Amino acid sequence: MQETAGSPRWSIVVPYYNEEPFIERTVACALALRGPAFKLILVNNASDDRSEELCRAMLAGHPEIDVEFVFETKPGPSHALEAGLAHVDTPFVALWNADTWYPDDYLQRAESLLDTPGVVAAMAVDIYAPANHWYGWLTRVHKRNMAALMSRQTHTGTYGQSFRTEVLRAAGGPRSENWPWVLDDHELMQRVFKFGRSRYHADFWCMPSARRGRNAHVRWSLFERIMYHVTPYPLKNWFFYDFLAKRFAARGMRNANLRDRDWVEDDATLDPTKATAAALAFDAGG
C-alpha cells in the first residue's frame with residue numbers, strides 16, 4: 001500500500017492507444033504498489049476501444065489514488081508522454097507502458113537508485129520470464145552488467161524509465177522536435193545524459209508484453225544497433241541526428257508508426273495471460 005502522509009513524490013504517466021486487453025493489468029500493478037505516494041496520469045492517445053472506460057471503472061473504487069485522465073489527439077507515444085508530463089507536479093516521474101507488468105516495490109527501488117548522487121534516471125531491466133526463474137535472473141544480471149560496461153548508452157525502453165522531473169524537463173521532455181522517429185526512448189536518454197547518469201540494478205525490473213518482439217516494422221537494424229554501441233558518447237549527436245535520422249526518414253519510421261498493431265490478428269496475443277511472461281508470474285501469485 002502506498003504511503004498517504006504528505007503530497008505525492010511520484011507521478012506515473014501511462015500513455016495508451018487501444019490497450020483494452022492489457023491496461024487493466026497495468027492499472028492493477030499501480031494499485032498494488034507499496035511505498036511512496038504517487039499520482040497516476042493516464043493519457044488516452046485517441047483510443048477507439050474501451051481502454052478508458054475500463055480504467056475509470058477500476059479506479060472508481062479507489063478514491064485514495066490521485067488520478068488524472070488526459071486526452072491527446074496527436075498520434076504517437078511521444079505526444080502522449082509530452083501531454084502527460086504537463087500534468088506532473090512531483091519531484092519524480094515514472095514512464096510506464098499500458099501493456100507492461102510492474103512489481104509492487106517498483107517506485108521504492110526507483111527512488112533508491114535516484115537517491116544516488118549524480119543519478120538522474122533509474123532504468124528498469126526488461127525481463128520476459130518470472131524474476132526468480134533462471135532465465136529471468138540471467139537477463140537481469142546480464143542487463144545490469146551491460147549497463148555498467150556501456151554506462152552512457154540506453155538499455156531500457158520508455159516502459160522502464162524513471163527520472164528526476166526537473167531533469168526530464170530540462171532535457172526537453174519525452175518528445176523532441178528534432179526527433180519525430182521511433183527509438184525516441186534512446187534519443188531522450190541522449191539528452192538526459194548531459195545532466196547526469198542513469199543507473200540499473202538487477203532487482204529493479206519490469207515485464208513488457210512479449211508482443212513487442214513482433215513489431216519489426218518499427219525496429220532498428222542490427223547494423224544500426226552495432227553503430228549505436230560503438231559510437232563514442234561525444235559523437236552520439238552525429239549518430240542520432242545525422243546518421244540514424246536519415247536512415248529512419250528513408251524508411252518512414254516515424255513515432256506514430258508505433259500505433260500500428262501488426263500482432264492483433266494473432267488471438268493469443270490478445271490474451272494477457274498468454275501475451276506476457278508477467279501474466280504467468282501474476283497468475284501464480286508472483
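The legends below describe close-up views of a predicted model.

**View 1. Helix α1 packed against helix α2.**
Two packed helices are described by the angle between their axes and the distance between the axes. Here helix α1, which covers residues 23-31, packs with helix α2, which covers residues 51-59, at an angle of about 30°, and the two axes lie 10 Å apart. Angles under 35 degrees count as roughly parallel, and α1 and α2 are therefore roughly parallel to each other. The crossing of these two helices, α1 and α2, is right-handed. On the α1 side the contact is made by I23, E24, V27, A28 and L31, while α2 brings S51, L54, C55, M58 and L59 to it. Sorted by class, the residues in this contact of α1 with α2 are eight nonpolar, one polar and one charged.

**View 2. Helix α8 packed against helix α9.**
Helix α8, made of residues 222-230, and helix α9 pack at an angle of about 170°, with 11 Å between their axes. Since angles over 145 degrees count as roughly antiparallel, this value makes α8 roughly antiparallel to α9.

**View 3. Helix α7 packed against helix α9.**
Helix α9, which spans residues 236-251, also packs with helix α7, which spans residues 184-192, and here the angle is about 140° and the axes are 11 Å apart. The crossing of α7 and α9 is left-handed. In this view H186, E187, Q190 and R191 of α7 meet K236, N237, F240 and Y241 of α9. The contact of α7 with α9 divides into two nonpolar, three polar and three charged residues.

**View 4. The second largest pocket and its lining.**
Rolling a probe the size of a water molecule over the atoms shows where empty space is left. The second largest pocket has a volume of about 180 Å³, and its lining consists of R144, A147, A148, S151, R152, F193, G196, R197, S198, R199 and Y200. The elements that give two or more residues to this lining are α5, at residues 134-149, and β7, at residues 197-206. Of the elements, β7 gives the most to the lining of the second largest pocket, with four residues. By class, the lining of this pocket is made up of four nonpolar, three polar and four charged residues.

**View 5. Two residues with a positive phi, N18 and L183.**
Although N18 is not a glycine, it has a positive phi of about 50°, and N18 is found in the loop between β1, at residues 10-16, and α1. L183, which is likewise not a glycine, has a positive phi of about 70°. The loop that holds L183 lies between α6, at residues 165-170, and α7.

Methods
Residues numbered from 1 in each chain as written. Predicted model: local features only at pLDDT ≥ 70, side-chain atom pairs only at ≥ 80, totals over all residues. Heavy atoms only, no water. Axes fitted to C-alpha atoms, helices over the stretch in contact; angles between N-to-C directions. Parallel < 35°, antiparallel > 145°, perpendicular 65-115°, else oblique. Left-handed = near helix turned anticlockwise from the far one by under 90°. Contact = heavy atoms within 4.5 Å. Nonpolar A, V, L, I, M, F, W, Y, C, P; charged D, E, K, R; others polar. 1 Å grid on protein atoms, 1.4 Å probe; cavity = no way out; pocket = protein on both sides within 12 Å on 5 of 7 lines; lining within 4 Å. Points joined across faces, edges and corners; volume = space filled by probe spheres on them.
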